[in-house]
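Please find below a colleague's note on the model under review.

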Amino acid sequence: MKYVIIGNGPAAVSCIDGIRSIDKDGEITVISKENHPAYFRPLISYYLEGKSKAENISCRPSDFYEKNGCEVVNGEVTAIDKDSQTVTLKSGEEIAYDKLCICTGSSPFVPPMQGLDTVDKKFTFLTIDDSYAIESAITKDSRVLIIGAGLIGLKCAEGLRDRVGEVTVCDLAPRVLSSILDDECAAIVQKHLENCGIAFSLGNTADHFDGNTAHMKDGSVIDFDVLVLALGVRPNIGFFKDAGGDCGRAIIVDNSMQTSIENIYAAGDCVEQYDISFGGKRIMALLPNANIGGRTAGVNMAGGKIEFDNAVPMNSIGFWGLHMMTAGTYANDGGAEMIEEKGENSVKRFFIKDNKLIGFIIIGDVKSAGIYTNLVRNQTDLTEFDFTSLIKNPNLLPFSEKNRRKTLGGVV
Amino acid sequence: MAINFILPEFEVERNDYRCIRCRVCERQCANHVHSYDPDGDVMLSDETKCVDCQRCVCLCPTHALKIKKNDAALRTNANWKQNTILEIYKQANTGGVLLSSMGNPEPFPVYWDKILINASQVTNPSIDPLREPMETRVFLGKKPHDIERDENGNIKTELPPQIELELPIMFSAMSYGSISYNAHKSLATAAEALGICYNTGEGGLHEDFYQYGKNTIVQVASGRFGVYKDYLEAGAAVEIKMGQGAKPGIGGHLPGAKVGEDISKTRMIPEGSDAISPAPHHDIYSIEDLRQLVFSLKEATEYKKPVIVKVAAVHNIAAIASGIARSGADIIAIDGFRGGTGAAPTRIRDNVGIPIELALAAVDKRLRDEGIRQNVSLVVGGSVRSASDIVKAIALGADACYIATSALLALGCHLCRTCQSGKCNWGIATQDPELVKRLNPETGKERLVNLLTAWKHEIKEMMGLMGINSIEALRGNRLMLRGVGLNEKELEILGISHAGE
Amino acid sequence: MKRVYVHEEWCLGCHLCEYNCAFANSGIADMVKALKNKKITPRIHVEEGGKIHYAVSCRHCEDPLCIKGCISGALTKDDEGVVTIDHNKCVGCLSCMLLCPYGCITTDENETVLKCELCMKNSCGAPACVQGCPNRAIVYEEVQE
Amino acid sequence: MREGQFRNPSGCAIAAEISKEGRRFSAEKIIESMIPMHDRSNGLGGGFAGYGIYPKYKDFYAFHLFFDDRHIKKDVEEYLKERYEIVLSEEIPTRKIPEITDEPIIWRYFLDPLKSVLRSAQLDEKEFTARVVMHINTHMKGAYVFSSGKNMGAFKAVGFPEDVGRFYMLDEYKGYAWTSHGRYPTNTPGWWGGSHPFGLLDYTVVHNGEISSYDANRRFIEMFGYKCTLQTDTEVMAYIADFLLRRKGLTPKEMAEIIAAPFWTTIAKKSEEDEKRLTYFRTIYSSLLMTGPFSIVVGYTGGLMALNDRLKLRSMVAAEKDDMVYIASEETAIRIMTPEVDRIWSPAGGEPVIVNVKEGAY
């Protein structure tokens, strides 16, 4: 059996784990665009911040590929021939597969912006190489302008704050983390970040650039030394689409991580998969899902039969001590009821639909939030216990003694 | 509230440096002695409630606690001792009979401690129990007098019913009610593991414990609680309780508050009703009535179970025992005046009955003099505290010993002697579910098994040093004993010589 | 593998496990010195309500979600099956806390992520909560799945 | 002090010889056999029992008595006369030798119980005679019956056994079985009555050892009318032999199963029938189990049984040569009695060696 994995991130290495849990001998080829062993992408901001060391960011020990008998080929796939079951690299090399897994992740999205070419030090922020590049561009007095107040932009801001003179974040949206938070929650986060020394220019973005000056939509001007473009990402799915594979905004997979093309699987940030909290397919570009999805794909490729049938989006981020966690579907629409619990600098919002917790946002008091996540993932029937008693203080009390006997007194 | 005159008996000494405010003491004290004051970040103590059960002391992780006898003292008076005065205050406060529990704590002589054991030297080798077999198995029950042979000349081997014990120790009667479910379970499972018996007391047998039947002695007492056919048939033997060492001549009383659902079912009385055991059995007013009950029980159990008659050691115990030995009973259990109880009037506990050592010696001698020692086995209890007490009891003539206080101590009892309050912090003498759970029967069983395993080792060591390798060769072997500091009369009653003789 | 199991039936709610845990992981030889006047952040905690008490600590799951969600590779399962945390790698994102279905992961006052590692990394050698439990409500043993 | 006033444990030498054919032979060899075991005794007691030695008077109880003085002798004779026809009354012949001194009055009587007395006592003659012996030994100070069976006799004295044998001129008696004993009491007084063999009726015991179960055994056996006046192990063993063999009708093998009962672990491995019997014995006669070291020879009319304690804490050797069986504490003693043997072995602890004379030959 010849396995080919395109991409070399967490989904890819989990896929290798999955294959090897069943097939110890099959040939595995990993085609990697980046010239690094798989690393934890979210650590790139912590690298800047100094919390993570370059040698500590790998997903697996250095002998992982060798031990698992994987050949790593550096290159970029440009095409798949589903009939001959080969992939073609940019170099022209062709690699045949019996089973293929696409773990190509995503790439930064940079819209056309006037004068961007006049900016000397401009970076995207998605790879460790981006971090290295930014690191070599900054000084302790640099003024950094980050365009995009989403997750990537803000983590970049956190990573850079203590290494540069000033950090300003702008976004067209009127609030930070607009895709995750509503106004109220965003305000809490924004206030905290401002207290921590980040400047914001929201509802506003660069209209055009002139060297190291950004001319903003509202007419104001921001001078900077380093520009970081954190406007979002797009999944790397072109070659798959070209081969005729089913895609929405990303590669569509079923619960076994199988794509619409036979013998082709996909996992990680480049897939769209069924979100049980939402009740539809969507991109859930999150590490746990990449790990579980990659492994699921690997096992199934090697002839096993498992499903990843409880995917939900979830996120835990923190900025200088303020943590926020989200899981499931938490837009207050689609008929979900919201229960809110507010404390000093903390908000908890729970979204309940059909007697199920479909999602939550917590800012501040994130202790034991996994208990909520579990309810979302398991679609637990809330009529079976007293959910309200969990709102302030998540614990296992409202569950039956029998249940606890199983979880605390047995192997789980 | 009027002044009650009562000095707190104990003092909580808290080493404030060591105290880390973990509040374990507070959580573990059912008497609410300890509390935490968040304002001052201090632990407080209300010593008037302290019974010196030592629970807090044992659980304090930094050993910050000591419970001491309160040294606040009334003026010394050899006649009017402080306790005597305090008891008067208590009675003046309440108008009630003073209640207490566990055994007689007064300084009467403990004969066990005045008896010493012999050892082999030169003329007779001692036996090393680690190298040689050392047998502790005993059979309790009537032993036939005559050998009979069948037509082929083979010995007929049918025996009257016997209790077979792997060591000559049984857990004596403690009812479910006076002690907790978990304490009972600990005793039952330990008895099973040890190959001995425990005793239901007069509280009936909880349905969960029928499975330990072959290690259970079921008691029939004056209240007849929980007695019915299945109960009688469940046990290895049936015990008629005529009396109890801690309170000879009086009955028992389990307050309705302790009669919860389970106890009500087990005792077969309505929930919440007081369980009152009358002072006498109302169908036994003489020895011939006892004989009737013995045979009623034998009839009910088809002569398959030995019947034990348990009596308190009282002044004419030898004559009483002789009567019982002729009543059809298979085993006589004698309970000495130091025997424990879950609740007894203090005056009775402390002033009625006689020491078990003397009672045993007198009974064994009397039954031998009358040639009826084989009619019955003798089991003695009432403060048998150690392996050496057991060895001495066997050598004086007992077939086996009943232990209860020692067993409770193994379970965690600290002899605070306030069982009657029902707030046993060790989960033993209580029915409060929150307190009951403090005794994990797994631990309880293990500790009991450990205790008796240790005693078994010690008994074997002592047997070995006497050159005896089977416990029956020790029974009644009074030559192995010598008295120290005993007068002629005491030696005569004990049937032993003085040390040096 | 041997794990810590909790038997609610026998938990007295005394909280000694929490103190023993905090002490065991303090690196200080004397309990008083280690815990006096400190807010403890034990890796095991007692949950209680009314007459129910039980302790909760890392289950060392067969297939631990916390490890799947760990963005830094700090959480791993060792050869014995113990889920351990490498503080050199942990960046404090708390994804593990978001994922742990039992609420077993906590942080100390410095936001260091703490979890039960069965006292394998401290001087106890065997779980201190188990050793100190007065009623065998917490046991350390091998249970067949 | 005398035996009976204190507990008297002792070590010793024993020997026995028996002809399975019932041939009668003199005590010469057995007397000699005690010489190499001299150091097992200390001169404080020795004795012999011979079976088949009074063929002429074999239907009468042969009472051997020690008397301290003439007065008590008279009293005892009065007492006996009321209960028996005294067929013969004579001094037991002795040799004067320097090794044996301070002898009491040593007398023997051949007795036939008076039928009228037996009838009114409602006892068989053996039980009646046992009670008479018990009465004299318990209540008649200064008199001591040391042999009371038919066609057998015990002979004992203070001294080394080889000297005792010569003293009683046993080389001139002939019996089909002999047992002998040399005594090493660890308490000093030597009283003639305290020497071995010890017997009641025709049961005699010679014993080497010290039983740790003594008081348990004594207090049990005393429930049945025996009085252990001497406080020696041998006395209690003799009474137990009488109790089990005569009164309970057990066989010597069954007696061994009681006094040297197998361990429970051994019993558990036996056949069901044996297990039941052994369990039964250990249950009802648990107080007759003897612990502590012993090797004994129990003599009785028509046979003997040698037995070690169940741990075999004392030496004992057995041998066969033609129709003869020999028992002794040491092989050297056997080699004196018979230099050649067909078979010689060391019986295991608790395993009795039972030798019965051919039926009709005694």
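The points that follow take up conventions, confidence, chain contacts, domains, a sheet and a single residue.

1. Basis of the note. This is a predicted model, in which local features need pLDDT of at least 70 and side-chain atom pairs count only at pLDDT 80 or more, while totals for chains, interfaces and linings use all residues. Residues are numbered from 1 along each chain as its sequence is written, and chains are lettered from A and ligands numbered from 1 in the order in which they are written.

2. Confidence in chain C. The mean pLDDT (the predictor's confidence in each residue, from 0 to 100) of chain C is 93, and 99% of the residues score at least 70. Within chain C, helix H1 (residues 16-24) has the highest confidence, at 96, and H3(C) the lowest, at a mean of 92. Helices (H or I, at least four residues) and strands (E, at least two) are DSSP runs, numbered from the N terminus.

3. Contacts between chains. Two residues are in contact if their C-beta atoms, placed from the backbone, lie within 7 Å. Of the three pairs of chains that touch, chains A and C have the most contacts. Chain D has no contact with chain A, the closest C-alpha atoms being 41 Å apart; nor does chain D contact chain C, where the corresponding separation is 35 Å.

4. The side of chain C that touches chain A. Here 35 residues of chain C are in contact with 40 residues of chain A. At least two residues each come from strand E1 (2-6), strand E2 (45-49), strand E3 (52-56), helix H3 (65-69) and helix H4 (95-99) of chain C. H4(C) gives the most, with four residues. By residue class, this side of chain C has 18 nonpolar, nine polar and eight charged residues. Ala, Val, Leu, Ile, Met, Phe, Trp, Tyr, Cys and Pro count as nonpolar, Asp, Glu, Lys and Arg as charged, and the others, Gly among them, as polar.

5. Domains of chain C. Domain bounds come from an automatic or database domain assignment. For chain C the assignment gives domain 1 (1-57 + 120-145) and domain 2 (62-115), with C-alpha centres 19 Å apart. Seven residues of domain 1 of chain C are in contact with 11 residues of domain 2 of chain C.

6. Domains of chain B. The assignment for chain B gives domain 1 (10-96) and domain 2 (138-143 + 167-498); their C-alpha centres lie 33 Å apart. Nine residues of domain 1 of chain B contact seven residues of domain 2 of chain B. On the domain 1 side, four of these residues are nonpolar, three polar and two charged.

7. A sheet in chain A. Three strands form an open antiparallel sheet in the order E4-E5-E6 (chain A), where two strands pair if DSSP finds at least two bridges between them. Strand E4 (77-81) and strand E6 (94-96) of chain A are the edge strands, each pairing on one side only. E4(A) is joined to strand E5 (residues 86-89) of chain A by four bridges; Val77(A) has Leu89(A) in E5(A) as its bridge partner.

8. Ser377(B). Where does Ser377(B) lie in chain B? Ser377(B) is in strand E18 (residues 377-381) of chain B. Ser377(B) is buried (20 or more other C-beta atoms within 10 Å of its own, C-beta atoms being placed from the backbone), because 26 other C-beta atoms lie within 10 Å. Beyond its neighbours within four places in sequence, Ser377(B) is in contact with Leu140(B), Gly141(B), Asp330(B), Ile331(B) and Asp399(B).

Note on methods. A residue is buried if 20 or more other C-beta atoms lie within 10 Å of its own, exposed if 12 or fewer, and partly exposed in between; C-beta atoms are placed from the backbone.
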